[in-house]
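We'll look at one helix and then at some aromatic rings.

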Amino acid sequence: MFDIHSHIIYHIDDGSRDMEESVELIRSDVRQGATDIIATPHYYPECPGDPVRIKEKLSSIEKAVKKAGISVRLYAGNEVLYFDSMAERLKNGEILTLAGSRYTLIEFYPMESYKTILKCVRNIRNAGYLPVIAHAERFRGLRENGLDEIIGLGAYIQLSTEPIGRKGLSAVFDGETRFVRKALKRKEVHFLGTDMHRADTRPPVITDALKWISDNLDRDYANAILFGNAMKMTEDNEIDR
Ligand SMILES: [Fe+2]
């Protein structure tokens, strides 16, 4: 699986706390089936990250991972909390897109208005970038209005792996799980991500999601969301929609 959403760079946001934890998170992700991971530290308008520092730290993590005998490809990116002048900062190179492509990973406040989400997609598209909505299941505006309209406007959808694989009664009653499974069955999803933060509190959780996907989705679509679409993204090609 190509994991396009993670907080594996230590001491840069609320994710990994040190190099050891970064390696531990990556090891666990790879054990469950990840082959490629994009590091997407948070980018807040009032607290921007430094792209040079992110890339430097990522290359030191790459070395440590190799030394630990873990086989994985790592890429740099950001997860941006949407703000109106985001496109300008993308153009200035202050924000890292996903693996150097035109795709950019965007999140909102959980209760953000649907209107603002639509505006975001239009703004980012008009600026020549391809908006990927991070963990789309988390936003009330999208759970209430569905994904049709924003996909029509040119958004791509990333879902978290963890709610896909939830089991038992909690899954039956859980709004996020129902939302992600319905979106997957309707083929409204383009990418998956673990959004892993920390080894103890928010580790990568993939295994049960992979099982659900192989039991419920056709093979071509499963391959596309697990790997093919993200590979196209790294080549900066547009994905079939
Ligand atoms: Fe995240």
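What follows is a short tour of this predicted model.

Start with helix H10, residues 207-216. Which of its residues are buried? They are Ala 209, Trp 212 and Ile 213. Looking down the axis of H10, you'll find these buried residues within an arc of 100°, so they line one face of the helix. As for neighbours, the buried residues of H10 pack against helices H7 (161-164), H9 (175-185) and H11 (219-234), plus strand S9 (191-193).

Now for the rings. The whole structure holds 8 aromatic pairs. Take Phe 2 and Phe 227: their ring centres sit 6.0 Å apart with the planes at 50°, so this pair is tilted. Phe 2 belongs to strand S1 and Phe 227 to helix H11, so the pair ties together parts that are 225 residues apart in sequence. Phe 2 is buried at 1% relative accessibility, while Phe 227 is partly exposed at 30%. Ring pairs also bring in Tyr 75, making a cluster of Phe 2, Tyr 75 and Phe 227.

Another pair is Tyr 103 with Phe 191, whose ring centres are 6.1 Å apart and whose planes meet at 90°, so the pair is edge-to-face. Here Tyr 103 in strand S6 is linked to Phe 191 in strand S9, 88 residues apart. Tyr 103 is buried, with a relative accessible area of 0%, and Phe 191 is buried too, at 1%.

Conventions:
Residues are numbered from 1 along each chain as its sequence is written. This is a predicted model: local features need pLDDT of at least 70, side-chain atom pairs count only at pLDDT 80 or more; totals for chains, interfaces and linings use all residues. Side-chain values use heavy atoms; hydrogens and water are left out. Buried means under 20% relative accessible area, exposed over 50%, partly exposed in between (1.4 Å probe, protein chains only). Helices (H or I, at least four residues) and strands (E, at least two) are DSSP runs, numbered from the N terminus. The arc is that of the directions from the helix axis to the C-beta atoms. Contact means heavy atoms within 4.5 Å. Rings of Phe, Tyr and Trp (its six-membered ring) pair if their centres lie within 6.5 Å; planes under 30 degrees apart count as stacked, over 60 as edge-to-face and the rest as tilted.
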